[in-house]
Amino acid sequence: MIGLCGAIGSPIHAVADDLKTLLEQRYSYECRVIRLSALIEKYHGKAPASPRFDRITGLIDGGNALRAKYGHSVLADLAVHEIAKVREEYGERAEKQKDLKPYRRVCHIIDSIKNVEELRVLRLVYRDMFYSIGVFAPVGDRVQNFEGDGLDLAEIYKLIDRDSGEEIENGQSVRDTFPQSDFFLRAGREPADDRRKRLKRFMDLIFHVRVSTPTADETAMYQAASAAGNSACLSRQVGAAITDANGEILAIGWNDVPRKGGGLYVADPTGAAKDNRCLNWGEKCHNDFYKLKMAERIADAVCDTELIGKDKKADLIAAIRKPLSSLIEYSRSIHAEMHAIISASQSGGARVKGGRLYCTTYPCHNCARHIIAAGISEVYYIEPYRKSMAITLHGDAISEEESKTDCVRILPFDGVSPNKYLSLFEAKADWRKDSDGKLIKRNTHDVRPKVEATLESLPALEAIIVNRLADQHLIQTGTAK
């Protein structure tokens, strides 16, 4: 099972077609592409055929309506129903036609996941058989793709903003779903063959076709993700790693409270070292605490002018806190990027200049100025960070455009996600060589996935989802039919 996730305008359909061709020709799999947009029209109603803007808006509205009525995971639930139905129908045919094998090599490609709950259900049901691929294209490329469909700029940016993350719980939220992918694919306007080569490498890793090791980028991002686990920050855990120009790791960092004498507070199982991180020192997030105090002071000042009655003070504080939520000035923690830069400067010295920084989250504007000053040439990230004003404040020195090599480039990470790093790159001794010490070569047409899961419980797990759809009267019976 492969699920695709990507921002609107990214070449997700092309990636689905590439995967289908690759799996059929190289691995002898039968492939079915399940388009969630088709399920929206099947169970909610047809979207307008044209103009293009109305069609896309109609599909988004239809998906939101289905989630509001049947639950946030309903589109994934319906995909599970489709998969279970195909398997059941084949099983019935195999019983009648003795020449049919009782099993077959099948891959379902789900195009495309837009909501965290959809991803959660697919992982819950299909477990190690499920892989999520995040497809990314720069905004400029996505705009050009839409302009070819006859949309004007106002319509394009309205769709892009809505797709990224709607303010309603049942809406699309690519910015939250995309970072949870197992493999990230930057797919701009480079030749299609480049995209297919990277997809082939990922599939070869899944099937353990040959001896494959991680790229320097993948190792650095894995180190960054591992470093994040050190953080006790009450807001979020962030990790970073810095390499020199040759890809050698110089230092890692994470977000946490600095301690006297240098470095950050860390866990001490013996209890000998004092731990004054926020969970112990005040037992609160100081950033949130002082933002609330600021909102209260502003509300008091407004109420004192009698512009708003004191009976509205609580509502006023709530209204003020919303824009103040983007402030990061009162945090006690040093940020992961800053921690990594300080550590790398102490150990790596001049090698930091011209190096790269890998961070689990897009850098904030405070970190951006340190990154620029340190002489780092490139930044790679996984999770977006809406509070960042890095480009707004430092657009003279940094850019999100890959072609701008005269700036510090901030780019989405491309490659195996840290959450799949060990399972895909760890290898048992007998996987690589035979008893005579010769390299094992595998036939791609009958090779099995490296990580396998039993299928025995699969019908039962699918039945839970299917029965839920039946109880909601979306399908006619409690079976897969």
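## Leu 122 and the largest core

In this predicted model, Leu 122 is in contact with Ala 76, Val 80, Ile 110, Ile 113, Arg 127 and Phe 130, once its neighbours within four places in sequence are left aside. Leu 122 is also, together with Val 74, Leu 78 and Tyr 126, among the residues with the most contacts inside the largest nonpolar core, which has 47 residues. Two or more residues of this core come from each of helix H2 (36–44), helix H3 (52–70), H4, H5, helix H10 (216–228), strand E9 (378–383) and H17, and H4 gives the most, with seven residues.

Apart from this core lies another, of 32 residues, which includes Ile 2, Leu 19, Ile 109 and Phe 202. In soluble globular proteins, nonpolar side chains tend to be buried together.

## Helix H17

Helix H17 covers residues 458–471, and its 14 residues reach 20 Å from the first C-alpha to the last, which is close to the 20 Å expected at 1.5 Å a residue. The buried residues in H17 are Leu 458, Glu 462, Ile 465, Val 466, Leu 469 and Ala 470, and they pack against helix H4 (74–96) and helix H5 (116–126). Just after H17, His 473 takes a positive phi of about 65°.

## Aromatic pairs

The count of aromatic pairs comes to twelve. One of them joins Tyr 27 and Phe 207, whose rings are stacked at 4.5 Å centre to centre, with 25° between the planes. This pair links distant parts of the chain, since Tyr 27 belongs to helix H1 (residues 12–27) and Phe 207 to helix H9 (residues 192–207), 180 residues apart. Tyr 27 counts as buried because its relative accessibility is 0%, and Phe 207, with a relative accessible area of 4%, is buried as well. Tyr 27 and Phe 207 form one aromatic cluster with Tyr 29.

Another pair, made by Phe 289 and Tyr 290, is edge-to-face, with 5.0 Å centre to centre and 85° between the planes. Phe 289 counts as partly exposed because its relative accessibility is 29%, and Tyr 290 is partly exposed too, with a relative accessible area of 40%.

## Charges over rings

Phe 289 takes part in a further arrangement, in which the charged end of Lys 284 sits over its ring, 4.7 Å from the centre. Elsewhere, Arg 104 lies over the face of Tyr 90, at 3.9 Å from the ring centre.

Note on methods:
Residues are numbered from 1 along each chain as its sequence is written. This is a predicted model: local features need pLDDT of at least 70, side-chain atom pairs count only at pLDDT 80 or more; totals for chains, interfaces and linings use all residues. Side-chain values use heavy atoms; hydrogens and water are left out. Rings of Phe, Tyr and Trp (its six-membered ring) pair if their centres lie within 6.5 Å; planes under 30 degrees apart count as stacked, over 60 as edge-to-face and the rest as tilted. Helices (H or I, at least four residues) and strands (E, at least two) are DSSP runs, numbered from the N terminus. Buried means under 20% relative accessible area, exposed over 50%, partly exposed in between (1.4 Å probe, protein chains only). A charge sits over a ring if NZ of Lys or CZ of Arg is within 6 Å of the ring centre and within 35 degrees of the ring normal. The expected span of a helix is 1.5 Å times one less than its number of residues. Contact means heavy atoms within 4.5 Å. A nonpolar core is a set of buried Ala, Val, Leu, Ile, Met, Phe, Trp, Tyr and Cys residues joined through side-chain atoms within 4.5 Å.
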